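Colleague: I would like to learn to read a few local features. Please take me through some.

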Amino acid sequence: MKKSLLYLTATTLLMACGGDVDVEEGQENNLTHGELTVKRADKAQKVFQTVPSPYETATIFEEAGAAYNTEFTNPIENVDKYSTAAKQALNLGVYGADLSYANIYDQTQESMFYMNCSKKMADALEISAAFSPETVERIEENMNNRDSMMNIVNDSYWICDAYLKENGQDNLSALIIAGGWIEGLYLGTKSINRETPNEGLMQRIADQKYSLNNLIDLMGSYDDEEVQHIKTELEKLKKVFDKIEEQEGEASVEEGDVPTIGGGSTLKYDQATVFEIADLTETIRNEIIK
Amino acid sequence: MRSLNRTILRIFILVAPVFFAFHADAQCKRFTKKNCLPALAPYIHNGKLTSAVFNPGESADVEMTFNAGKQYRVLVCSQETVGNVQFKVLDKTRKILFESKEDQMNPSWDFKMATTQQLIIQVSIPQMEESVQKTNLVQNGCVAIMVGVKN
């Protein structure tokens, strides 16, 4: 009986170690739950909320006409200022967004700087596997290939997410996501020329209303003080986004070689609200990088 | 000796569910990497990995923003143990825009977005067959909901 119980316990513990190994293997496996949370899991229904990756957000703003400006990103000198795990997690998200931003605009040197800052933050959180020497080498080799870079950077962030979740630090994972989302929105809003604002860019900023709601739901899953603080800040931002009226409508599918989804809900924004979003986003972001 | 056995048993009962959950999760990740990611090509994975172990009869909603001007592939990939998982794409009013076929393994749908929309991907795991139910073994398995994008 004793032997059986010891065997069972030992087997269980070994299997748990397997989980950790998987994170280390993540360099190859590249897999975690990613940017999502199970909001509700009752008897037969799960709801996953997703938040766009910084790479996705940067691409959207770039396509809408946002211009690159090196002064918008978090200065690399700041990297040594972050001493708490919460600040390191938030700024790992921030530097990840800056890395995506620089890479999408083909800023090779800046991309390397922000990769190093991201690595420093990941190392400080003891997630050295996220930016291992092999990963850094892959990044250097693929710096000019946007799609490959998107995959590699996403891989690194999945490794962070997996490591933190499997070590009971989901709260830090949520802070990385929040830091990345806020920085991505900040970079988009900073690109607005207030004299002659770009309608396409303002529309893309208004569209972030959807992901903000998902992000607030995600942050609501954690009792952690730092997460709750960020959630409070995001709720202030939501109050401004709520001024953007959503007119619900049915979507439709137009058949073709590839079907096209049109119609659906529309967001009615005004310029003043977008500027207000930009100002509040800057305040929240500057607090994070302080 | 009996007291030691009881202690070990208690520890096992307390820690086993957590450890088994981690193990199942790790297996699910490995499965997704090996079997699901390649099927997204030539679309680029959007970076969000939505995968979990599901039981028969369960369903899940994934809420996601799809951006105007982009072309997407939604792929639902699952282990054979859970059977043919079906998925639907719904708009915010829960109108069905697409429904995969019942008998399709790892179904996918390619589409373009004319406007930015929040859509819901709803996956349904088939109920366990009666013959299997009699064995009392729950045939759960990994299900991954993947989205790829191209400009």
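Colleague: Where is the place of Gln104(B)?

Modeller: Some ground rules come before that. This is a predicted model, where local features need pLDDT of at least 70, side-chain atom pairs count only at pLDDT 80 or more, and totals for chains, interfaces and linings use all residues. Residues are numbered from 1 along each chain as its sequence is written, chains are lettered from A and ligands numbered from 1 in the order written, and side-chain values use heavy atoms, leaving out hydrogens and water.

Modeller: Helices (H or I, at least four residues) and strands (E, at least two) are DSSP runs, numbered from the N terminus. Gln104(B) sits in the loop between strand E6 (96-99) and strand E7 (108-113) of chain B.

Colleague: What should I expect of backbone angles?

Modeller: Most residues other than glycine have a negative phi, and most peptide bonds are trans. Asp106(A) has a positive phi of about 60°. Asp106(A) lies in the loop between H3 and helix H4 (108-124) of chain A. Its relative accessible area is 55%, so Asp106(A) is exposed.

Colleague: Which residues does a cis peptide bond join?

Modeller: Ala41(B) and Pro42(B), with omega about 10°. Pro42(B) is in the loop between helix H1 (2-36) and strand E1 (44-45) of chain B.

Definitions and conventions:
Buried < 20%, exposed > 50% of the residue type's maximum accessible area, 1.4 Å probe, protein only.
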